[in-house]
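Subject: Structure handover

Hello,

Here is the structure we talked about passing on. Please open it first, then read the notes below.

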Amino acid sequence: MELAELGLDERKTKILKAIIRNYLETGEPVGSRTISKYTDLNLSSATIRNEMADLEELGYILQPHTSAGRIPSDKGYRFYVDNLMEEKTREVDDMKQFVIEHTEKMEQVLEQVARLLANSTNYATMVSAPTYQKNKVKFIQLSKIDDEQLLAVIVTEGNLVKNKMIPVSEGIDNETMLKLNLLLNSNLNGLALQEINLGTIAKLKEQAGIHSDIVSNVLDTLAEAMEQEESIRIYTSGATNFFKYPELSDSAKASELISTFEEKQQLASLVTESLLDEENTGIQVYIGDESPIQTMKDCSVVTATYELGEGIRGTIGIVGPKRMDYEKVMDNLKTLKHSLNGILDRAKD
């Protein structure tokens with residue numbers, strides 16, 4: 001990210017970072033006199049006021065009251081976080097060691113991780129149990145058993161094989177069987193269950209014509225083969241930490257946030273979004289309206305994906321106020337991600 005493209009020179013950048021850091025620490029609007037003491041720029045309050053006016057015009061800070069100081073906008077937080085993430089290239093090793101290698105049950109580990117993370121950060125935390133994410137269609141084979149039955153064999157990339165007998169009202173000739181196999185494989189191979197949408201299904205049925213019922217049966221079998229045995233399990237801790245932050249402790253806001261953590265359905269959608277994004281398995285930061293969860297529009301949500309073994313992935317998430325200590329949160333997540341990554345592969349060695 002080029003600072004010049006964002007309208008920020010080195011001086012504005014230092015002042016913006018100073019405003020954000022000060023606001024993260026105090027939760028109070030920041031004035032020019034505070035910044036003059038806070039930075040090493042040796043600038044007068046008048047010069048800083050001019051720079052702050054420019055930052056406000058550029059949309060990086062806001063003035064909540066006419067006589068008050070400034071607070072960061074979502075755009076300001078985003079700039080700070082992006083720069084911080086660029087700086088955080090090192091792995092952080094100095095967190096209390098987890099006894100993961102010696103813990104028999106993964107559930108116990110993840111409950112412990114959520115609890116320790118909440119205690120360490122003073123924010124709300126969530127950890128999803130690992131699920132297999134490479135469950136895509138590898139091959140579908142329809143075979144004729146007799147004039148009344150077909151055998152559907154479905155193989156997924158996880159080498160899971162599912163067989164199902166499909167009743168037919170009349171015999172299917174070899175040419176039609178070949179066409180159906182070609183139709184199913186050309187449209188479904190390489191897709192995960194979540195990627196098979198209504199449009200794909202409608203197209204398949206239309207092209208299958210009078211044999212659309214066979215396609216329906218195959219899709220039902222596919223869902224059975226690829227559906228996870230249970231819904232995503234999520235372990236949470238620290239929801240009551242929301243009350244520690246005045247901007248989130250309003251009874252209506254806090255109760256909505258706590259309900260989200262107790263019911264976990266919306267958290268599951270956040271986990272699913274995180275896991276499906278195979279291109280980005282690092283740390284993700286959602287600020288304010290960027291959050292995919294409606295009840296968290298006044299929060300910042302930081303997530304990381306961990307991978308226990310080939311294709312077996314889960315999500316760690318931290319939710320707090322927009323003025324959260326991003327550096328500490330990222331350090332915690334990087335340490336945890338490093339601790340969890342490849343643990344199953346290491347256990348096999």
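Predicted model: local features only at pLDDT ≥ 70, side-chain atom pairs only at ≥ 80, totals over all residues.

Start with strand β6, residues 149-156. Seven bridges join β6 to β7, and the two run antiparallel.

Next, the charged pairs. The count comes to ten salt bridges. Three of them follow.

- K12 with D54: the side chains meet at 3.5 Å, N to O. K12 lies in helix α1 (residues 10-26) and D54 in helix α3 (residues 45-57), so the pair ties together parts that are 42 residues apart in sequence. K12 counts as buried, at 11% relative accessibility. D54 is partly exposed, at 32%.
- E56 with R70: this salt bridge is 3.1 Å, N to O. E56 lies in helix α3, while R70 sits in the loop between β1 (61-62) and β2 (71-72), so parts 14 residues apart in sequence are tied together. E56 is partly exposed, with a relative accessible area of 28%. R70 is buried, with 13%.
- K144 with D147: the closest N and O atoms are 3.6 Å apart. K144 is partly exposed at 39% relative accessibility, and D147 is partly exposed at 48%.

There is also a network. Salt bridges that share partners join R11, K12, E51 and D54.

Now a lysine without such a partner. K337 is found in helix α11, residues 326-340. K337 is buried yet has no salt bridge. Where is the nearest side chain of opposite charge? That is E307, 7.1 Å away. K337 does have a backbone oxygen to look at: the one of T305 lies 2.5 Å from a polar atom of the K337 side chain.

Last, a loop residue. Q294 has its place between β9 (283-287) and β10 (299-309). Is Q294 buried or exposed? Q294 is exposed, because its relative accessible area is 59%, and the cut-off for exposed is over 50%. The C-alpha atoms of Q294 and Q266 are separated by 8.9 Å, and the two residues are 28 apart along the chain.

Over to you.

Best wishes

Methods:
Residues numbered from 1 in each chain as written. Heavy atoms only, no water. Pairing = 2+ DSSP bridges. Helix = DSSP H or I, 4+ residues; strand = E, 2+ residues; numbered from the N terminus. Buried < 20%, exposed > 50% of the residue type's maximum accessible area, 1.4 Å probe, protein only. Lys, Arg positive; Asp, Glu negative; His and termini not counted. Salt bridge = Lys/Arg side-chain N within 4 Å of Asp/Glu carboxyl O. Polar contact = N/O pair within 3.5 Å; in protein donor to acceptor, adjacent residues only side chain to side chain.
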